[in-house]
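Please read the following briefing alongside the sequence and the model.

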Amino acid sequence: IMSLLFPKGGKGHKCTAEEIAQALCKEGDWSYESPGYRSWIGWLDTLGVLFLFMLSNSQINTIKFGMSWHFFFMMDFIDPDTGRTPCPDYDKVFFELICLSEYWFVVFVTTILGCIFAVIVTFVPCPLLNERKAYREMATMAKTLSAIWCESVDYICGSEPSVQRYRIEAKIEALQELEMNINSNLQAAWWESALLGRHDPTRQELLVIQQNMQDMFDVLPAVKWCVLNEDFQGQHQDFILDLQPHLQALVREATQLLEMCIRAPYAGRKDRKSMNKFIHESAIHVHKLQKFLVQQYRKKSLRPNQDLADETTLVFSLSFTARKAADLSQLICNKKEQWACWRGDNFILLMKGCWEGFKNTWSPSKMFSREHLEFAVRNFIGISAVFFLAIMLENYIFKRYSAVMPATLALLISKYQSTAFTNNLHRLLGVLLGKVLPILIL
């Protein structure tokens, strides 16, 4: 828009004698070659767009690089010595709105090519996909969950406290961190399933598995509490010894069932049929073991009491986990492929996603929240001050209208005050090393 309104940007010169004679300007004034242009217009555009970036609810990296490139473009545009060079007619395309030789178009094309190559690199020599990573982490999580239950049952069925309880606690806490990674990988994998060209059954199936596994993880804090607080006193031995083989059998069968359910989405069509059969048979076995465990528990004819609270809670948690594994197996076995997916549906979903993203980016409730306004104002003041320094300072160190200082500072902004000092210090060291080392080598 600025290029259309002011074709030569901020380019100008001091008022000449000829212009003074024609009363076009006064002596000492600055004459701009673009009619109607004033220096404050360029400043207002630069700082206005800067503040809009800050005020938006975009991702922090979008804000950083958007502001950085905005400074590079605008500093050339408002520089009175260079300004904007009008595009020759032979370089104009698309109704003369795009100039092939202009700086912004070169940056735009090279950025797209760089993004394309960056995506291609993720497939060579082997695909590095979020969906596959989430699948591998799910398999690891299932094995860890199996180890947690095996060790917890063995520990509870023991006769005295030991250091094994602390190893169980550490594994449960590590599992919670792994769960967060799976969540983020599945959310970031939407583009990998090619929503513009086909349905994404594998990712949808992994999401179903992840949701069911979440229910299994919700009982782990209770398991950790039981393991850490069990004192092995009172009626413990009489209660647990008879249940031990049934608990161990249920753990083995339920965790094996869970692992088969996780492998199912990536099984071939022929293998999937046989795998569904094994999953179904394993689920039936889990139900039988669960019912048998309940029967053995009821034979104890024990009333709820504080002495057996930890043991009872662990038995219930294991039974719940086995039930969730059996429920998941039904979802896996009853899943039907939706091959009749109209491509127009994918386009509609993409448009809906774009609209939701636009609403979230410019949502007034998020933009004008106190925390976000503090972030915008705090960083806007600092970057604006550096911007005015960049257009005023000039000596053997500084060059007027250089975008280096404000563009670099735009990449160092911090979203949260609590981590601002540490993060900015690390970024500053990175920028210094990144600039000094190439100079030393040169």
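Is E173 buried, partly exposed or exposed? E173 is partly exposed, with a relative accessible area of 39%, where buried means under 20% relative accessible area, exposed means over 50%, and partly exposed lies in between (1.4 Å probe, protein chains only). This is a predicted model, in which local features need pLDDT of at least 70 and side-chain atom pairs count only at pLDDT 80 or more, while totals for chains, interfaces and linings use all residues. Residues are numbered from 1 along each chain as its sequence is written, and side-chain values use heavy atoms, with hydrogens and water left out.

**Salt bridges**

- The structure holds ten salt bridges, each being a side-chain nitrogen of Lys or Arg within 4 Å of a carboxyl oxygen of Asp or Glu.
- One of them joins E173 to K224, with 3.8 Å between the closest N and O atoms; this pair links distant parts of the chain, since E173 belongs to helix α7 (residues 164–187) and K224 to helix α9 (residues 220–229), 51 residues apart.
- Helices here are DSSP runs of H or I with at least four residues, strands are runs of E with at least two, and both are numbered from the N terminus.
- R323 forms a salt bridge with D327, at 3.3 Å between the closest N and O atoms, and because the two residues are four apart in helix α13 (residues 309–333), about one helical turn separates them.
- R323 counts as partly exposed at 42% relative accessibility, and D327 is also partly exposed, with a relative accessible area of 23%.

- The axes of helix α4 (residues 60–78) and helix α5 come within 10 Å and cross at roughly 155°, which makes α4 roughly antiparallel to α5.
- Axes are lines fitted to C-alpha atoms, for helices over the stretch in contact, with angles running from 0 to 180 degrees between N-to-C directions; angles under 35 degrees count as roughly parallel, over 145 as roughly antiparallel, 65 to 115 as roughly perpendicular and the rest as oblique.
- W104, F108, V109, I112, L113, I116, F117, V119, I120, F123 and V124 form a nonpolar patch on the surface, with about 980 Å² of accessible area together.
- Such patches are made of residues with over 30% relative accessible area and no salt bridge, like charges being joined within 9 Å and nonpolar side chains (Val, Leu, Ile, Met, Phe, Trp, Tyr) within 5 Å.
- V119, placed in helix α5 (residues 103–121), is partly exposed, with a relative accessible area of 38%.

**Backbone and local geometry**

- Most residues other than glycine have a negative phi.
- F232, although not a glycine, has a positive phi of about 60°; F232 lies in the loop between α9 and α10 (236–240) and counts as buried at 6% relative accessibility.
- Y401 likewise is not a glycine and has a positive phi of about 60°; Y401 is found in the loop between α16 (370–392) and α17 (404–410) and counts as buried at 13% relative accessibility.
- I98, in strand β4 (residues 98–99), is partly exposed, with a relative accessible area of 23%, and the C-alpha atoms of I98 and C87, eleven residues apart along the chain, are separated by 9.0 Å.

Key:
Accessible areas come from the Shrake-Rupley method with a 1.4 Å probe; for residues, only the protein chains shown count as cover.
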